[in-house]
Amino acid sequence: MFFSPFISKPDSVAQIMLKVILALIPGIALYVWYFGPAILVSITLASITALATEAAMLKLRNRPIGPFLKDNSALLTAWLLALSIPPLAPWWLVVVGTAFAIAIAKQLYGGLGNNPFNPAMVGYAVLIISFPVHMTHWLAPQGLVLAELSFAQQLQYIFSGVLPPSLTLDAISMATPLDTLKTHLHLEESVQQILNMPIYGHLGGQGSEMVALGFLIGGLYLLASRIISWHIPVAYLGSLFIIAAIFHLVDPTHYVAPLFHLFSGAAILGAFFILTDPVSSPTTNKGRLIFAAGAAFLTYMIRVFGGFPDGVAFATLLMNISVPLIVLYTQPKVFGKKGKQS
């Protein structure tokens, strides 16, 4: 016979990280379904690089290697970074970005729990600034390409940069839905004209909207499992929706409807998996709301008025800078502490 109270043992860091990694699988599965298996190669390369770099840095710092490798934090960083870059990116691009994320953005700050910035987003920012051309070759969804590559051909291109003689890179890749939207708006086309292009679906881009739905399913699992709280996802997606809705209502010809922003780019991935990083986000609930709302505002401003098609990574890093200030001014009053006497 069992008697109450029933007290469950809290999850370890390794278990929490593993659950977050598992929550990414629905989105990855849909990614493979619509865009092919090349993303699995990027995830594998990033995972191997992350573990090797983590081990090397721990060795240099005279820290135990086994316990830190087993906490799954390096793997999570690797997966998030791999999902943020084009699946046909050359192998060295994945390696460079992942190694920088682990060695510089994580270990040089003291390892897990000490890094002020999200390591995966630091790696992404370095890559898109340093190698902008390589970061724009995104695979077109199956059914919209002039030609499709087999898995063997994808592997050949990733590791050697060689395509079959009859194919060019333009035949198998295309700009992202957000990039296409921005480019055609600059050509004075209306939102209605642009969204009639084959690349767009009901909510966002063909295929990419379903990938976002997969990450939404994983995010809801994290909420149900209490791995993350509702404050950051709700505040981020809600704020992004409201900001986009205001602009759309003012001028629907030049500003797309809010649901497009939610299901395009890395908005869903950012809301549930990136901004919720417990190390680089605020610890107070009020602070989380402010942090997420600020990230949503910056995401929209960068997407619409900035030089990059998506703004999730840079919005995350800019808000990471403000976390100490946000926490300072959102700390609850200590129970029993009186204010200053006049």
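How many helices and strands are there in the chain? There are 17 helices and 2 strands, where a helix is a DSSP run of H or I with at least four residues, a strand is a run of E with at least two, and numbering starts from the N terminus.

A quick word on the model. This one is predicted, so local features need pLDDT of at least 70 and side-chain atom pairs count only at pLDDT 80 or more, while totals for chains, interfaces and linings use all residues. Residues are numbered from 1 along each chain as its sequence is written, and side-chain values use heavy atoms, with hydrogens and water left out.

**Overall build**

For 342 residues, a compact globule would have a radius of gyration near 20 Å, and the chain agrees with its 21 Å. That radius is taken over C-alpha atoms, and the globule rule is 2.2 Å times the number of residues to the power 0.38. The C-alpha trace spans about 75 × 55 × 50 Å along its principal axes. Buried residues account for 49% of the 342; buried means under 20% relative accessible area, exposed over 50%, and partly exposed in between, using a 1.4 Å probe and protein chains only.

The chain splits into domain 1 (12-174) and domain 2 (177-328), with bounds from an automatic or database domain assignment. Their C-alpha centres sit 21 Å apart. Across the divide, 32 residues of domain 1 are in contact with 26 residues of domain 2, contact being heavy atoms within 4.5 Å.

**Two pockets**

A pocket here is an open set of points on a 1 Å grid over the protein atoms alone, where a 1.4 Å probe fits and protein lies on both sides within 12 Å along at least five of seven lines; lining residues have an atom within 4 Å of a point. Points are joined across faces, edges and corners, and the volume is the space filled by probe spheres set on them.

| Pocket | Volume | Lining by class |
|---|---|---|
| Largest | About 820 Å³ | 29 nonpolar, 9 polar, 3 charged residues |

The largest pocket holds about 820 Å³ of space. Ser84, Trp138, Thr176, Gly265 and Asp310 are the closest to its centre out of 41 lining residues. Elements giving two or more residues to this lining include α2 (25-35), β1 (138-139) and α17 (312-330). Domain 1 and domain 2 each supply at least three residues to the lining of the largest pocket.

For the second largest pocket, 29 residues form the lining, and Met17, Thr276, Asp277, Pro278 and Val279 lie nearest the centre. Two or more residues come from each of α1 (13-23), α5, α7 and α15, and α5 gives the most, with 4 residues. The second largest pocket lies between domain 1 and domain 2, because both give residues to its lining.

**Two residues to look at**

Asparagine 320 is in helix α17 and counts as buried at 3% relative accessibility. Beyond its neighbours within four places in sequence, asparagine 320 contacts Pro116, Phe117, Asn118, Ser280 and Phe291.

Leucine 69 belongs to helix α4 (residues 65-69) and is partly exposed, at 25% relative accessible area. Not counting residues up to four places away in sequence, leucine 69 touches Leu51, Glu54 and Ala55.

Conventions:
Ala, Val, Leu, Ile, Met, Phe, Trp, Tyr, Cys and Pro count as nonpolar, Asp, Glu, Lys and Arg as charged, and the others, Gly among them, as polar.
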